[in-house]
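Here is a short walk through some side-chain pairings and a helix packing. Have the model open while you read.

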Amino acid sequence: MSDFESRLSQAIQRGRQSAQASKAAAQRAALTEEQLRRLHSQYRLELAEHIESCLSKMGDHFPGFRLESVVGDRGWGAAAARDDVQMASGKASTVFSRIEVTVRPYSTAQVLEIGVRGTIRNKEVLQRSLYHPLTDAQVARLIDQIDLWLVEYAELYAARG
């Protein structure tokens, strides 16, 4: 056998071994459905706690907002809302402001979905969703995104409220 054929044969063997090693590593890394559900619950709890804490602090800057926990089929998180009286043309009317941030329930798509909806004086001003694969989610980055949304809402509320 020539030197080239020998090196070619060795390269093919190394390639096959590399493919088998990669496949075995992928199988070890693949999480079961139950593990993914637990991971989602862990993230959901941590994020929901952060959301509630932030909305509580926001309420300190804008008195009158009522904090409420959101738990149910639309997700887990928190909301802050207030009703105000507005005078227009000598008539009083009630206007509604609300911010809600939730972590959506686990789905077979195996993503962590976070959503925000914000209304100021009966007008929706903020609606966003963020999706991250459960296996790649980084809580610190998600918390940063939630903070950005809440700061954006606070700025909008201060300008219009």
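## The charged network

E68, R74, R98 and E100 are tied together in a network of salt bridges. A salt bridge here is a side-chain nitrogen of Lys or Arg within 4 Å of a carboxyl oxygen of Asp or Glu. This is a predicted model, where local features need pLDDT of at least 70 and side-chain atom pairs count only at pLDDT 80 or more, while totals for chains, interfaces and linings use all residues. Residues are numbered from 1 along each chain as its sequence is written, and side-chain values use heavy atoms, with hydrogens and water left out.

Take R98 and E68: their side chains form a salt bridge at 3.2 Å, N to O. Strands are DSSP runs of E with at least two residues, helices are runs of H or I with at least four, and both are numbered from the N terminus. R98 also pairs with E100, at 2.4 Å, N to O.

## Buried or exposed?

How accessible is R98? Its relative accessible area is 16%, so R98 counts as buried (under 20%; exposed is over 50%, partly exposed in between, with a 1.4 Å probe and protein chains only). E100 is buried as well. E68, at 31%, is partly exposed.

## Other salt bridges

Searching the whole structure turns up ten salt bridges. One of them links E113 to R104, with the closest N and O atoms 3.6 Å apart. R104 has 23% relative accessibility, so it counts as partly exposed.

## Two helices side by side

Now for helix α2 (residues 33–61) and helix α3 (residues 139–160): they pack at about 25°, with axes 11 Å apart. The axes are lines fitted to C-alpha atoms over the stretch in contact, and angles run from 0 to 180 degrees between N-to-C directions. That makes α2 and α3 roughly parallel (angles under 35 degrees; over 145 is roughly antiparallel, 65 to 115 roughly perpendicular, the rest oblique).

Who makes the contact (heavy atoms within 4.5 Å)? From α2 the residues include Y43, L47 and I51, and from α3 they include L142, I146 and L150. The contact residues divide into 13 nonpolar, one polar and two charged. Nonpolar covers Ala, Val, Leu, Ile, Met, Phe, Trp, Tyr, Cys and Pro, charged covers Asp, Glu, Lys and Arg, and the others, Gly among them, are polar.

Conventions:
Contact means heavy atoms within 4.5 Å.
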